[in-house]
Amino acid sequence: MANLNSPKQGILNISNVQGNYLEVPMTFTTAGNPIDLTTFDAIKMEVKKTYNVNETPFLEFTVNNGLTISGTNDNILTFVLDETFWTSQTTKWVYDITFENGSGERYTYIKGTITNTLTASSL
């Protein structure tokens with residue numbers, strides 16, 4: 001089981017141009033040692049217009065459904081925002097990624113904004 005004690009939250013703000021494919025890999029370590037992400041019972045990413053907990057997510061990713069775990073030590077988490085996401089006319093989103101262990105403890109380790117720079121070109 002992964003250690004969720006004293007988590008530090010990171011902020012990763014993401015920018016991309018409308019219609020472009022974007023792959024975002026994140027490497028997780030603690031004190032320089034890899035964190036095996038397969039030891040978590042659940043990892044979930046939600047993308048919304050605001051941080052309102054009652055808002056229905058525009059996108060929701062889980063492991064093997066938009067989130068991929070990889071790396072020699074299973075400590076790299078990757079998500080892809082493809083052309084479908086970037087066709088939205090919304091220019092700014094917020095997101096967070098939560099991790100849950102077998103005891104039901106849930107922590108948000110990563111959060112940030114996703115900025116969609118609109119283009120004049122049709123997609």
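**Surface, core and rings**

Mentor: The protein exposes about 7,200 Å², and carbon and sulfur atoms supply 46% of that. Those areas come from the Shrake-Rupley method with a 1.4 Å probe, and for residues only the protein chains shown count as cover. Ground rules: this is a predicted model, where local features need pLDDT of at least 70, side-chain atom pairs count only at pLDDT 80 or more, and totals for chains, interfaces and linings use all residues. Residues are numbered from 1 along each chain as its sequence is written, and side-chain values use heavy atoms, with hydrogens and water left out.

Trainee: OK. How many helices and strands does the protein have?

Mentor: One helix and eleven strands. These are DSSP runs numbered from the N terminus: H or I of at least four residues for helices, E of at least two for strands. From the N terminus on, the order is β-β-β-β-β-β-β-β-β-α-β-β.

Trainee: And what percentage of the residues is buried?

Mentor: 33% of the 123 residues. Buried means under 20% relative accessible area, exposed is over 50%, and partly exposed is in between (1.4 Å probe, protein chains only).

Trainee: Which residues touch the most other members of the largest nonpolar core?

Mentor: Met45, Leu77, Phe79, Ile97 and Phe99, out of 22 residues in that core. A nonpolar core here is a set of buried Ala, Val, Leu, Ile, Met, Phe, Trp, Tyr and Cys residues joined through side-chain atoms within 4.5 Å. The elements giving two or more residues to this core are β3 (22–27), β6 (42–48), β9, β10 and β11. β10 gives the most, with four residues.

Trainee: What does methionine 45 touch?

Mentor: Leaving out residues up to four places away in sequence, the contacts of methionine 45 include Leu59, Phe61, Leu67, Phe79, Tyr95, Ile97 and Ile114. A contact means heavy atoms within 4.5 Å.

Trainee: Switching to rings: how many aromatic pairs are there?

Mentor: Six. One of them is phenylalanine 79 with tyrosine 95, a tilted pair at 6.2 Å centre to centre and 55° between the planes. That pair links distant parts of the chain, with phenylalanine 79 in β9 (residues 76–81) and tyrosine 95 in β10 (residues 92–100), 16 residues apart. Rings of Phe, Tyr and Trp (its six-membered ring) pair if their centres lie within 6.5 Å; planes under 30 degrees apart are stacked, over 60 edge-to-face, and the rest tilted.

Trainee: Are those two buried or exposed?

Mentor: Phenylalanine 79 and tyrosine 95 are both buried. Elsewhere, ring pairs join Phe28, Phe40, Phe99, Tyr107 and Tyr109 into a cluster.

Trainee: Last one: where is alanine 31?

Mentor: In the loop between β4 (29–30) and β5 (33–34). Phi of alanine 31 is near 50°, a positive value in a residue other than glycine. At 77% relative accessibility, alanine 31 counts as exposed. Aspartate 74 also deserves a look: it has a positive phi of about 50° although it is not a glycine.
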